[in-house]
Amino acid sequence: QVQLVEYGGGSVQAGGSLTLSCAASGIIRTINAMGWYRQAPGNERELVASISSGGSTNYADFVKGRFTISRDNAKKMVYLQMKSLKPEDTAVYFCNADIMAIGTVVRPYWGQGTQVTVSS
């Protein structure tokens, strides 16, 4: 059974930094794109950043220059370094990955989410 588990959420003051980590586990054949999404109360879930298996990255405009996504394919992990955090970055952050488990086809998996709270 494939699982994604996030680490590193918490509370920080505006201007501060946090790093989120996400670990994939299970009987995995391939991990394609990985990414981070977020959902604030009353809002839809939105893409924050994504990274391909080859390392190509994509960022939402609202985090460009402040957040950095990276991955370690050997460890099956993806990271999100967040700097210059703003109160509007407050949300539950979800890890996402397109994974092919042994004996199955590629499909998206989601973590359980981790809360990030930025106070002014």
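In the predicted model, the chain carries 11 positive and 8 negative side chains, and the centres of these two sets are separated by 8 Å. The accessible surface of the chain amounts to about 6,300 Å², with carbon and sulfur atoms contributing 48% of it. Of the 120 residues, 41% are classed as buried.

The secondary structure comprises 11 strands and zero helices, and the order of elements along the sequence is accordingly written β-β-β-β-β-β-β-β-β-β-β. The C-alpha trace extends about 50 × 25 × 25 Å along its principal axes. A radius of gyration of 14 Å was computed for the chain, which agrees with the value near 14 Å that a compact globule of 120 residues would have. When contacts between residues at least 6 apart in sequence are considered, 54% of them join residues at least 24 apart.

The count of disulfides in the model is one. This bond links Cys 22 to Cys 95, with an S to S distance of 2.1 Å. Cys 22 belongs to strand S3 (residues 18-25) and Cys 95 to strand S9 (residues 91-101); the pair therefore ties together parts of the chain that are 73 residues apart in sequence. The torsion about the S-S bond of Cys 22 and Cys 95 is about -80°, and the disulfide is therefore left-handed. Both Cys 22 and Cys 95 are buried.

How values were computed
Residues numbered from 1 in each chain as written. Predicted model: local features only at pLDDT ≥ 70, side-chain atom pairs only at ≥ 80, totals over all residues. Heavy atoms only, no water. Helix = DSSP H or I, 4+ residues; strand = E, 2+ residues; numbered from the N terminus. Rg over C-alpha atoms; globule rule 2.2 N^0.38 Å. Buried < 20%, exposed > 50% of the residue type's maximum accessible area, 1.4 Å probe, protein only. Contact = heavy atoms within 4.5 Å. Areas by Shrake-Rupley, 256 points an atom, 1.4 Å probe, with all protein chains shown as cover. Lys, Arg positive; Asp, Glu negative; His and termini not counted. Charge placed at Lys NZ, Arg CZ, Asp CG, Glu CD. Disulfide = S-S within 2.5 Å.
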